[in-house]
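Please look over the model below before reading my comments. They are set out as numbered points.

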Amino acid sequence: MTVFAKEGFYKTKVSGIAKAAGVADGTIYLYFKNKDDILRQFFSYLARHIFERFQEAIGQGDTAVEKLRNLINRHLQECQNDKDFTRVFQTESRQRRKLVKIEIEKISKTYLALLKQIIKQGQAEGTMRKEIPLDLSARLILSAVDGVVNNWVLGGCKYNMQTTTEPLVDLLVNGLGVGSQR
């Protein structure tokens with residue numbers, strides 16, 4: 001991911017990846033078909049492993065708001081801790097290559113499912129509004145978190161994203177308004 005992050009997908013050569021990994025070019029081909037396969041497996045790895053960490057974070061909360069806060073904080077922490085991983089994911093997921101489209105859809109569905117569970121709990125607790133469609137709420141949260149991460153990447157990864165957790169959760173749970181404005 002370091003090579004992809006530095007060079008970009010199109011400029012990256014398998015020989016550069018092999019050199020960074022400290023192996024011969026041919027060794028890469030023992031594990032991957034080509035650099036497209038490396039990228040695809042990267043997204044597949046993400047889908048399998050990052051959600052274990054997200055589930056762990058959610059499990060540390062009791063209320064829906066705590067679970068949402070923990071999920072967002074862990075998401076931002078994971079991105080912050082691996083800048084190269086985050087840069088590649090943010091860049092390549094937006095390219096909508098046929099190669100990674102399926103993996104991106106899996107990641108999105110899994111993340112949205114986590115959010116929907118949290119929102120349903122919040123609706124049952126009375127801390128989240130029932131009249132807003134569940135899918136819309138989940139997509140709004142996902143888009144907001146993705147926006148924070150994308151801005152961080154585009155801004156050169158210069159600040160601690162986790163400082164945005166509290167204001168973001170407050171905005172998502174309490175909105176911009178101050179009471180009924182209808």
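1. Overall make-up. This is a predicted model. The chain has nine helices and zero strands. From the N terminus on, the order of elements reads α-α-α-α-α-α-α-α-α. Along its principal axes, the C-alpha trace spans about 65 × 30 × 30 Å.

2. The chain has 182 residues, and 40% of them count as buried. Take the contacts between residues at least 6 apart in sequence: 67% of these join residues at least 24 apart.

3. Helix H8, length check. H8 covers residues 134-154, which is 21 residues. At 1.5 Å a residue it should span 30 Å, and its end C-alpha atoms are 30 Å apart, so the two values agree. Just after H8, Gly156 takes a positive phi of about 90°.

4. Helix H8, buried residues. Which residues of H8 are buried? They are Ser137, Ala138, Ile141, Leu142, Val145, Val148, Val149, Asn150, Trp152 and Val153. The spacing is worth a look. An α-helix has 3.6 residues a turn, so residues three or four places apart point the same way.

5. H5 against H8. The axes of these two helices come within 11 Å and cross at roughly 25°. An angle under 35 degrees counts as roughly parallel, and H5 and H8 are therefore roughly parallel to each other. H5 passes H8 in a right-handed crossing. On the H5 side, the contact involves Leu68, Ile72, His75, Leu76, Cys79 and Gln80. On the H8 side, it involves Ile141, Val145, Val148, Val149 and Trp152. By class, this contact has nine nonpolar, two polar and no charged residues.

6. H5 against H7. Here the axes come within 8 Å and cross at roughly 155°. That makes H5 roughly antiparallel to H7. The crossing is left-handed. H5 contributes Ala64, Lys67, Leu68, Leu71 and His75. These meet Tyr111, Leu115, Ile118, Gln121, Gly122 and Glu125 in H7. The residues of this contact divide into six nonpolar, three polar and two charged.

7. Gln80. Leaving aside neighbours within four places in sequence, Gln80 is in contact with Trp152, Tyr159, Asn160, Met161 and Gln162. Trp152 is itself one of the buried residues of H8.

8. Tyr29. This residue lies in helix H3, residues 25-31. At 45% relative accessibility, Tyr29 counts as partly exposed. Not counting residues up to four places away in sequence, Tyr29 touches Val14 and Asn34. Tyr29 and Ala18 are 11 residues apart along the chain, and their C-alpha atoms are separated by 9.7 Å.

Technical notes. Residues are numbered from 1 along each chain as its sequence is written. This is a predicted model: local features need pLDDT of at least 70, side-chain atom pairs count only at pLDDT 80 or more; totals for chains, interfaces and linings use all residues. Side-chain values use heavy atoms; hydrogens and water are left out. Helices (H or I, at least four residues) and strands (E, at least two) are DSSP runs, numbered from the N terminus. The expected span of a helix is 1.5 Å times one less than its number of residues. Buried means under 20% relative accessible area, exposed over 50%, partly exposed in between (1.4 Å probe, protein chains only). Axes are lines fitted to C-alpha atoms, for helices over the stretch in contact, and angles run from 0 to 180 degrees between N-to-C directions. Angles under 35 degrees count as roughly parallel, over 145 as roughly antiparallel, 65 to 115 as roughly perpendicular and the rest as oblique. A crossing is left-handed if the near helix is turned anticlockwise from the far one by less than a right angle, and right-handed if clockwise. Contact means heavy atoms within 4.5 Å. Ala, Val, Leu, Ile, Met, Phe, Trp, Tyr, Cys and Pro count as nonpolar, Asp, Glu, Lys and Arg as charged, and the others, Gly among them, as polar.
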